[in-house]
Amino acid sequence: MRLNRNPLRFAALGAALLLSACGANALPMGATPAYFDGQVMSRSHAGVGGLQLFVMPDATDAFLLKAIAGARSSLQIENYMLTDQATIQAVLAAKQRGVAVQVSLEPHPYLGDNPPPVGPNQHTAATLAKAGIQVHWTNPRFTYTHAKFMLVDAKTAFVSSANFTHSGLGGNREYIVQDTQTADVADLERLFQTDYVDGNYTPSAADLVISPVNSRQQLLNLIASARSDIKIQDEEAGDAALNQLLKQKLAQGVHVEAMLAQESALPSAPGEPVQTPGNVITARTWASYGAQVRFQSNPYLHAKAVVVDGTRMYVGSVNLSTNSMDHNREVGILLDAPALVSPVLSAMATDWKNAVPANQPQPAPGPNGLLPRLAL
């Protein structure tokens, strides 16, 4: 497990916990903490209505720590990986304040920080158990529970591409949405509780993107709606139907720019070979159709985002891969607000300049078939 020793991030945690002790508990009963009030716009953060979007690592994780520190009644976390020490300490502090804490984690994350037989989430579970917090190991019927979302007091949801890890909250390119819209929060709370007992869930909020239930339909419909341009920033991509759709859109004159992480192969899905064709093959395929494709490594690309016509967007945990759409538990959200899209487009423009065109020679993969990368 990688310990987070960044003093600024622990200072943020201390401030958040002090806020919890002094300010948050003074709120009137039933009041919703205003983590960010009004409309905000910057390169790292935009807000409109009940939605806020944060661009990582440009934004710090102080807003997440503040949200956890402001929890008064309940805290629910479902995440592929939870190893960040500042976040864990904030969760433990919430439990000590009497907050009802529920945590769901993937028992066997791919390429975890620690080798078998003891994985990173097992270390976290042991730490939480000492404080009386039970960890629910997610449903094995999913290849992975790769979702990353959190609910605070059943009033505020966070939908994230970032795992709650050192790299996810302090190094990778990630996008995190804070959502206080009543329908979304209620649906995500229902999803959390359903997953907590390994039940069956059907989304009702029209803007939520949930694998394996509706993410394929939601994502392909978004891409199909493009009239002028599509911008993709995705860690892992590889899906036959998606390829054909992009080929059709390019033939219609839609401009496509895509950034993928520098990985040569994807983890296998049920019934597929040990390593399935990954980003290198996908990049070559898309480029052959006429798309502009680059590989991003600085900052490491862990985000999953699609922007259509500069105004509509998807962000979340769902990669544009068959496994992610059809076999995992994933959570994302569709956003139809130019103010929220703007900082993502700004980050994409910066990353595009630093990315390597797909037709240039790529670094050789390691013995496991994957290129060097940060922790998940």
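I began with strand β17 (residues 304–308): five of its five residues are buried, so the strand is largely enclosed by the rest of the structure. I took buried to mean under 20% relative accessible area, with exposed over 50% and partly exposed in between (1.4 Å probe, protein chains only). Helices (H or I, at least four residues) and strands (E, at least two) are DSSP runs, numbered from the N terminus.

I noted what I was working with. The model is predicted, so I kept in mind that local features need pLDDT of at least 70 and side-chain atom pairs count only at pLDDT 80 or more, while totals for chains, interfaces and linings use all residues. Residues are numbered from 1 along each chain as its sequence is written, and side-chain values use heavy atoms, with hydrogens and water left out.

**Entry: the whole chain**

I looked up the totals for the protein chain and found eleven helices and 21 strands. Of its 376 residues, 56% count as buried. I then checked contacts (heavy atoms within 4.5 Å). Among those in the protein chain with a separation of 6 or more, 75% come from residues 24 or more positions apart.

I went back to β17 to look at its two faces. K304, V306 and V308 lie on one side and A305 and V307 on the other, and all are buried.

Which strands pair with β17? I used the rule that two strands pair if DSSP finds at least two bridges between them. Strand β11 (residues 229–234) is joined to β17 by five bridges, and the two run antiparallel. I232 stands opposite V306 of β17. Strand β18 (residues 312–316) is joined to β17 by four bridges, again antiparallel. Here the bridge partner of V306 is Y314. The hairpin of β17 and β18 has three residues between the strands, and I noted that D309 takes a positive phi near 55° there.

**Entry: the sheet**

I wrote down the strand order of the open sheet of eight strands as β10-β20-β18-β17-β11-β13-β16-β21, with mixed pairing. β10 (208–211) and β21 (356–357) stand at the edges with a single partner strand each, so one side of each has no neighbour in the sheet.

Four bridges join β10 to strand β20 (residues 330–335), and the pair runs antiparallel. S211 stands opposite E330 in β20. Helix α6 (residues 182–196) packs on the sheet and touches β10 and β20; its direction makes about 15° with that of β10.

Axes are lines fitted to C-alpha atoms, for helices over the stretch in contact, and angles run from 0 to 180 degrees between N-to-C directions.

The axes of helix α7 (residues 215–224) and α8 come within 10 Å and cross at roughly 10°. The two are therefore roughly parallel (angles under 35 degrees). I listed the contact as R216, L220, I223 and A224 of α7 with A241, L242, L245, L246 and K249 of α8.

How do helix α8 (residues 240–251) and helix α9 (residues 279–289) pack? Their angle is about 25° and their axes are 9 Å apart. I therefore put α8 and α9 down as roughly parallel to each other. The contact is made by L242, N243, Q244, L246, K247 and L250 of α8 and T285, W286 and Y289 of α9.

Note on methods. Parallel < 35°, antiparallel > 145°, perpendicular 65-115°, else oblique.
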